[in-house]
Structures are given as C-alpha cells and as structure tokens.
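Hi,

Here is the structure I said I would pass on to you. Have a look at it first, and then read my notes below.

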Amino acid sequence: MVKQKSKQIKHVLRICHGGLILKTSSKVLAVFACVVALAGTLNAQEGASGMVAVLDVAKVFEGNPVFKDRMKAIQTEAEQFKAKMEAEQNAIRLEAEKLGTFTPESAEYRQLESQLEQRTATLRTTARQTNTDMLNREAKIYFDAYSQMQSVVTAAAAEYGISLVIRFDSGPIDASNRGEVVKGVNRNVVFQKNLDLTSMVIERMGTTSSAGVGSNLK
C-alpha cells in the first residue's frame with residue numbers, strides 16, 4: 001500500500017513538473033492544480049471504503065403521501081384565503097363608489113374615505129402576515145420530510161455500506177424545451193447502474209407507490 005501511494009504521488013509530481021513550461025501566472029495555477037490533484041490522490045487512497053449511491057430527492061417528495069397531504073392542505077388554505085381577500089377587495093371597491101355621492105369637503109366623504117383607508121391597510125397587513133405564515137409552514141413541511149428522508153438514507157447507508165449518496169434527477173429530458181435541455185445537460189450524474197436508492201427510500205418513508213423508480217439494493 002505504501003509503495004502504491006509513493007508511485008502515485010511520484011506520478012502526479014512528474015505530471016506537475018512537466019506542465020510548468022508556462023508563463024509565471026500559468027505556473028502558479030499549474031502548481032495549485034497539482035497540489036489539489038495530489039491531495040485528492042492521498043484522500044482517495046486513505047478514505048476509499050464503501051460504495052456510492054444516487055437519490056432522486058424530488059421523486060422522493062412526490063412519492064411521500066404525508067408530504068403531499070400536508071402540502072395539499074396548505075394549498076387549499078391558500079386558495080380559500082385568496083378568495084376571502086378578493087371578496088374583501090370587491091367590498092371595498094363597492095364602498096368606494098359611494099364617495100361619488102358626497103362632496104370632498106363633506107364630513108360624510110372624509111369619514112367614509114378614512115374607513116376605506118383603514119380597511120385597505122388592514123387587508124394589506126393581513127395578506128402580508130398570512131403569506132409569511134404560510135411560507136414558514138410550507139418550509140417546515142419540507143424540512144420535516146427532508147429530515148425523515150435523511151434518517152432513512154443514513155440507516156440504508158449503514159446497512160449497505162454506502163459512503164456517499166449523490167442527488168440526481170432521473171426524469172426524462174424534453175428535447176423540445178430549451179430550459180429543460182440546458183438543465184438536463186448540466187446534471188451532475190450522467191450515468192448510474194443499480195445504484196438508485198429512490199424506490200427504497202420512498203417505501204421506507206411510508207408510501208405504497210414507487211412505480212417508475214428502480215433499485216436493486218432492497
């Protein structure tokens with residue numbers, strides 16, 4: 001093992017030495033790159049244990065019934081609140097039309113105008129506070145699901161001797177959609193074979209549906 005490390009280190013150093021026939025600034029970059037490569041070689045030798053697996057986090061969330069139910073409840077509440085706000089806005093507009101029946105200098109005009117301003121301010125404050133509250137609750141739902149997923153993945157990693165789990169996207173790329181194509185070609189994982197933990201994680205998180213996601217690690 002020591003001899004093998006020594007040979008690899010010498011090999012990296014030879015490459016570094018051969019690459020220094022450059023301008024001064026390029027030499028500095030080359031030396032830095034070689035130092036990084038040398039450190040990577042040493043780390044790979046000392047920490048190379050266990051296997052690497054991949055996980056489609058988005059699909060895990062989509063396949064988790066608890067997460068989906070909680071998100072649906074938030075969405076329903078948001079739609080109901082939106083309808084309530086729109087109704088109040090319409091009511092304020094109807095009241096504002098009454099201003100035309102008074103002269104701007106009259107006490108009735110000033111009183112109604114003040115009431116409308118107060119209702120509008122209250123409506124804005126309520127909308128802002130409710131929106132913030134819903135966003136915080138939504139974030140909590142994501143956090144809870146992600147924390148559960150992390151626990152499941154940690155247990156699976158210990159069970160199967162996995163040292164690293166990489167997030168990836170298993171969905172197809174729509175060639176007619178430029179945005180999806182750009183996103184697809186920038187994926188970190190280009191290929192994996194029988195390393196997908198997604199199905200297992202979905203199942204262990206309590207779902208009964210894992211169609212379309214494969215894993216040979218069960």
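Helices (H or I, at least four residues) and strands (E, at least two) are DSSP runs, numbered from the N terminus. By that rule the chain has 7 helices and 2 strands, and along the sequence they come in the order α-α-β-α-α-α-β-α-α.

Before we go on, a word on where this comes from: the model is predicted, so local features need pLDDT of at least 70 and side-chain atom pairs count only at pLDDT 80 or more, while totals for chains, interfaces and linings use all residues. Residues are numbered from 1 along each chain as its sequence is written, and side-chain values use heavy atoms, with hydrogens and water left out.

Let's start with helix 5. Helix 5 holds 54 residues and spans 79 Å from its first C-alpha to its last. That is close to the 80 Å expected at 1.5 Å a residue, where the expected span is 1.5 Å times one less than the number of residues. You'll find Asn194 in the loop between helix 6 (178–185) and helix 7.

Now for the inside. Buried means under 20% relative accessible area, exposed over 50%, and partly exposed in between (1.4 Å probe, protein chains only). Of the 218 residues in the chain, 23% are buried. A nonpolar core is a set of buried Ala, Val, Leu, Ile, Met, Phe, Trp, Tyr and Cys residues joined through side-chain atoms within 4.5 Å. The largest one has 21 residues, and Leu55, Val60, Met149, Leu197 and Val201 have the most contacts inside it. Strand 1 (51–55), helix 3 (57–62), helix 4 (65–97), helix 5 (107–160) and helix 7 (198–204) each give two or more residues to this core. The largest share, 7 residues, comes from helix 5. Apart from this core lies another, of 9 residues, including Phe81 and Tyr109.

What does Val201 touch, leaving aside its neighbours within four places in sequence? Taking contact as heavy atoms within 4.5 Å, Val201 meets Leu55, Val60, Met149, Val152 and Val153.

On to the charged pairs. A salt bridge is a side-chain nitrogen of Lys or Arg within 4 Å of a carboxyl oxygen of Asp or Glu, and the whole structure has 8 of them. One joins Arg119 and Glu88, at 3.1 Å from N to O. This pair links distant parts of the chain, with Arg119 in helix 5 and Glu88 in helix 4, 31 residues apart. Arg119 is partly exposed because its relative accessible area is 29%, and Glu88 is partly exposed too, at 26%.

Another salt bridge pairs Lys140 with Asp144, whose closest N and O atoms are 2.9 Å apart. Both lie in helix 5, 4 residues apart, about one turn of the helix. An α-helix has 3.6 residues a turn, so residues three or four places apart point the same way. Arg70 joins Lys140 and Asp144 in a network of salt bridges.

Happy exploring!
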